[in-house]
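Have a look at the sequence and the fold, then read on.

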Amino acid sequence: MLSFMYKSILQFNENGIKSIEKITKSFISDGTKMIGDLVMELDRPIQELQRNIIQDILESIDEIYLKDKKRKETHYVERRSDPNTILTTCGEVNYTRTYFKCRNKEGYEYLVDKYAGITPGMRKSQDVVIKSIEHAVCSSYRISGENATNTEDIVSKQAVMKDIHKLEIPAIIPEVKVKKKCKILYINADEDHVSLQFHKKKGDLQEDKLGRKQNTIMPKLIYVFEGVEKESENSKRKKLINKHCFGGVHQDNGAFWEEVRDYINTIYDETYLEKIYIMGDGAYWIKTGLEVLGAKSIFVLDKFHLSQSVTRATAHLGDAVFDARTRIYDSISMEDLDEIKKIFDIIADYPLTTQAKRKQVLQTKGYIVNYWEAITIRNNDEQARMGCSAEGSISHIYSSRLSSRPLGWSKIGVDKMSRLKVYIENGGEVYDLMTYQNIKKERKIEEHIRDQVDKNIRKERHKYCDAFEHTTMALNIGKRTGLHMMTKALRGICG
């Protein structure tokens with residue numbers, strides 16, 4: 001039996017080297033070709049070598065099972081040489097394997113597939129899934145499928161979508177030997193607005209009384225940080241210190257905030273922590289954080305949303321707009337709530353105020369009155385003046401993929417993609433994520449089979465190493481291959 005890779009390397013020595021020589025000769029003689037052309041053309045023989053090695057490994061393991069004495073006690077051969085194809089990042093790998101019948105129970109199985117973690121119906125390997133998901137974080141499912149391999153093979157956008165939907169995405173909690181001592185923590189919270197194509201299946205969107213489809217879903221984003229600092233010594237830009245994110249389409253707001261609480265309790269010394277500032281637009285789900293995090297938490301209304309509300313309520317005032325806004329912000333600085341109420345009553349009765357605009361003005365008045373303490377806290381509390389960057393983070397983490405372009409999502413698609421984006425933002429790797437998926441379905445490899453495979457590798461190691469070195473060394477002493485001559489010529493050109 002030829003050992004792993006030995007057959008492949010012999011074949012590569014015979015055909016692959018000739019192909020590389022031809023490509024090299026073409027690059028040297030053709031003055032129009034650039035380095036990029038050379039790289040792309042060299043991909044083909046290398047990928048073919050990869051595919052052949054994978055095929056040899058699988059078929060060699062299958063042969064070990066065939067000859068194994070202990071296997072004969074538990075399984076007998078049902079069929080030989082059943083073909084299978086699996087897509088990898090180096091292209092489609094075709095191999096044959098043996099179909100075994102279990103002696104002591106019902107069922108049939110391909111033992112080599114079980115060894116390699118190839119499940120029934122599996123059409124692509126984990127490396128393809130990893131690569132497509134990495135692209136899907138920033139690109140559409142279609143583009144991700146087109147870039148899932150290093151060859152011209154394409155994964156359908158439906159297949160990429162299914163892989164995303166199946167993901168179980170764990171929370172990332174850094175390990176700390178000693179809890180951090182931090183007096184002040186900041187939390188920013190906001191949500192994105194994403195258009196749904198459907199909830200679970202097409203056609204299941206409901207309509208309101210005016211006949212408008214209820215097709216908006218709001219993935220939430222929370223992130224905890226310790227403060228801000230300069231990106232570098234001479235930089236004007238600032239970054240958040242030890243930012244950690246939480247996100248997804250959460251129906252249970254309490255459970256969502258409990259994730260945040262558990263993270264804080266794990267990382268920070270609760271006895272040393274004095275205040276937790278929660279900053280956002282005042283949505284109900286954000287205020288739930290005050291209940292979950294307890295007495296140390298303080299709500300601060302985001303200045304962006306305050307400014308946005310004031311701007312909308314006064315936009316119709318024409319020449320009087322500057323004076324109105326100045327009086328509003330002066331009243332906030334002076335903490336004069338009665339004056340605020342007067343100003344908005346005047347604006348509501350202003351001649352240019354339509355009925356619809358009047359309703360908006362009064363809503364803004366109520367918004368400011370309801371969050372008066374959360375607005376004026378900045379006047380006397382220096383820590384509360386920390387700016388809220390939630391809008392920018394929503395745009396960076398969510399909107400760039402979920403809502404900035406006219407895309408149609410399902411509910412589960414928005415939830416999985418928002419959680420995936422948060423996972424990546426927290427430093428997670430897609431490879432580790434796929435490893436997490438497979439923890440519950442680890443490959444079952446009999447110890448004696450593993451020992452036999454290892455024995456064969458050690459036994460034949462020198463054979464395929466020698467075979468590879470013997471033919472592929474372009475500058476072997478005494479050898480004057482075509483590749484040697486072309487390399488020598490190239491050295492002359494360069495020197």
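Ile 286 is buried, with a relative accessible area of 0%; buried here means under 20% relative accessible area, exposed means over 50%, and partly exposed is in between (1.4 Å probe, protein chains only). Keep in mind that this is a predicted model, where local features need pLDDT of at least 70, side-chain atom pairs count only at pLDDT 80 or more, and totals for chains, interfaces and linings use all residues. Residues are numbered from 1 along each chain as its sequence is written, and side-chain values use heavy atoms, with hydrogens and water left out.

**Around Ile 286**

- Ile 286 sits in helix 9, residues 284–293; helices (H or I, at least four residues) and strands (E, at least two) are DSSP runs, numbered from the N terminus.
- Leaving out residues up to four places away in sequence, Ile 286 touches Ala 189, Asp 190, Trp 257, Ile 278, Gly 280, Asp 281 and Phe 299; a contact means heavy atoms within 4.5 Å.
- Ile 286 and Asn 188 are 98 residues apart along the chain, and their C-alpha atoms are separated by 9.2 Å.

**The whole protein**

- The protein has 19 helices and twelve strands.
- Of its 495 residues, 43% are buried.
- Take the contacts with a separation of 6 or more: 66% of them are between residues 24 or more positions apart.

- Five strands make an open sheet in the order 10-7-4-11-12, with mixed pairing; two strands pair if DSSP finds at least two bridges between them.
- Strand 10 and strand 12 are the edge strands, each pairing on one side only.
- On average, neighbouring strands of this sheet are turned by 20° against each other, direction ignored; axes are lines fitted to C-alpha atoms, for helices over the stretch in contact, and angles run from 0 to 180 degrees between N-to-C directions.
- Strands of a sheet pair through backbone hydrogen bonds, either parallel or antiparallel.
- Strand 7 (residues 220–225) is mostly covered, with six of its six residues buried.
- Lys 220, Ile 222 and Val 224 point one way from strand 7, while Leu 221, Tyr 223 and Phe 225 point the other way, and all are buried.
- Strand 4 (residues 184–191) runs antiparallel to strand 7, and six bridges join them.
- Asp 190 has Leu 221 in strand 7 as its bridge partner, and Asn 188 stands opposite Tyr 223.

- Helix 14 lies across strand 11 and strand 12, running at about 95° to strand 12.
- Within helix 14 (residues 372–380), Trp 372, Ala 374, Ile 375, Thr 376, Ile 377 and Arg 378 are buried.
- Those buried residues pack against strand 11 (275–280), strand 12 (297–301), helix 10 (303–314), helix 11 (321–333), helix 12 (337–348) and helix 13 (355–370).
- Lys 365 lies in helix 13 and is buried, with a relative accessible area of 19%.

- An open sheet of three strands has the order 1-2-3, with antiparallel pairing.
- Its edge strands are strand 1 (75–88) and strand 3 (108–109), and each pairs on one side only.
- Helix 2 (residues 35–67) packs on this sheet, touching strand 1 and strand 2, and its direction makes about 10° with that of strand 2.
- Eleven bridges join strand 1 to strand 2 (residues 91–102); His 75 has Cys 102 in strand 2 as its bridge partner.
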